[in-house]
Amino acid sequence: MIVLRPCRLADLSAVEAIAAASAVGITSLPPDHDRLREKIANSMHSLAAEVDVCGEESYFFVLENIATGEVIGTSGIVASAGFHDRFYSYRNEIIVHASQQLGVSNKIHSLHLCHDLTGLALLSSFFIKPEYQDGALPQLLSRARLLFMAEHANRFPERIAAESPGVCDDEGNSPFWNAVGKRFFNMGYPQAEQLSGGRSKTFIAELMPQYPIYVPLLPADAKLAIGQLHPVGELPFSILMDEGFEADTYIDIFDGGPTVDARISGLRSVMNNIKKRAIAGDTSLSSKLHIATQAAARVPSLGTPLGQQALENAQLCIVANTETEGFRATLANVAAGLGDTVVLSEEMMAALEIVNGDDVRIVPVHFPVNPANAAHQNNNRRL
């Protein structure tokens, strides 16, 4: 049984090990004991707080194997990016240079330093151990956060963004950084990433060029890096693209990786999840069919055709409780068409820390999520 839950201070050593294994460019998981401890403490404080309007809250989750206690992944949400300062990105734009006298018109790809994404919610800290990357667990790790947001909508703004690590080698050399940022910061990419603490420091605005950067003037390797993904970013990026995020407009100011954004209400997990009352019982298919035949002939389903035929096709779903500090989410095979209730095993109820009659949010897992295809789509969309 694998469960997503809020991170606790007792998880600090496990999170430190994950941070040490994460790639350069994942600044939301710094390999720093004090900063990670502060990150966990801030999350615990945010979860305990009464929130009417989103602010400086942050939420940090871990994916745990209940049987062994192993922490196998992390993910997080920042309620308002750049709350204490501005959140910087480069915005892709096309500038038209034309001369009526010469009859010449040129469209030139340019990058404009902006803080358009300041105030948006921000997905962060995604990491899952390599041996768990196949199957549905990455979806649980990423998409359960969206069920948390759907349940606690008052804690978040209308829009959301997520950064993805861009191209760099094992030594931390980034072609985009070397061509742009290094000329103004006079330091290496890994050092600048660690100093930035999330792209919201004022020194970014003080040192980065305020004028447009004309992409044709950049070296070839830097141009090719714009909007491209580091291999470790392909899996989480593919999940976000499947959710409905857009990757056309913004890139990271350090490594040129894609920054995606969307309206929260338009995301697949937010639109398609349903809320049901959980009851403990036999989760065998025969039991589900027996319960369903006692209900009306036409009952709500999990986005599948109504009636008994739909029940024969149980779906693998993400199931989450509706708590805040006690938030839990896991995977379960759920049969559609059980009215306003869903039957869960005793083990599942215990994992979610719920009792009979408690509400749960349910959204189907989608297969296949192909990281290579998503990365290819992003290549084609680059300006």
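Strand 4 and strand 5 make a hairpin with four residues between them, and G103 in the turn has a positive phi of about 70°. Strands here are DSSP runs of E with at least two residues, helices are runs of H or I with at least four, and both are numbered from the N terminus. This is a predicted model, where local features need pLDDT of at least 70, side-chain atom pairs count only at pLDDT 80 or more, and totals for chains, interfaces and linings use all residues. Residues are numbered from 1 along each chain as its sequence is written, and side-chain values use heavy atoms, with hydrogens and water left out.

**The hairpin and its neighbour**
- Strand 4 (residues 89-99) and strand 5 (residues 104-114) run antiparallel and are joined by 11 bridges; two strands count as paired if DSSP finds at least two bridges between them.
- Within that pairing, A98 sits opposite S105 of strand 5.
- Strand 4 also pairs with strand 9 (residues 246-251), again in the antiparallel sense, over two bridges.
- R91 has Y250 of strand 9 as its bridge partner.

**Helix 1 against helix 2**
- The axes of helix 1 (residues 12-21) and helix 2 (residues 33-48) come within 10 Å and cross at roughly 120°. Axes are lines fitted to C-alpha atoms, for helices over the stretch in contact, with angles running from 0 to 180 degrees between N-to-C directions.
- That angle makes helix 1 oblique to helix 2, since under 35 degrees counts as roughly parallel, over 145 as roughly antiparallel, 65 to 115 as roughly perpendicular, and the rest as oblique.
- On the helix 1 side the contact (heavy atoms within 4.5 Å) is made by L12, V15, E16 and A19, and on the helix 2 side by H33, L36, R37 and I40.

**A serine in helix 3**
- S142 lies in helix 3 (residues 137-151).
- Why does S142 count as buried? Because its relative accessibility is 3%, and buried means under 20% relative accessible area, exposed over 50%, and partly exposed in between (1.4 Å probe, protein chains only).
- Leaving aside residues up to four places away in sequence, S142 touches F126, I239 and L240.

**Whole-chain numbers**
- The protein chain has 14 helices and 15 strands.
- Of its 383 residues, 53% are buried.
- Take the contacts in the protein chain between residues at least 6 apart in sequence: 74% of them join residues at least 24 apart.
- The accessible surface of the protein chain is about 17,000 Å², with 49% belonging to carbon and sulfur atoms. Areas come from the Shrake-Rupley method with a 1.4 Å probe, and for residues only the protein chains shown count as cover.
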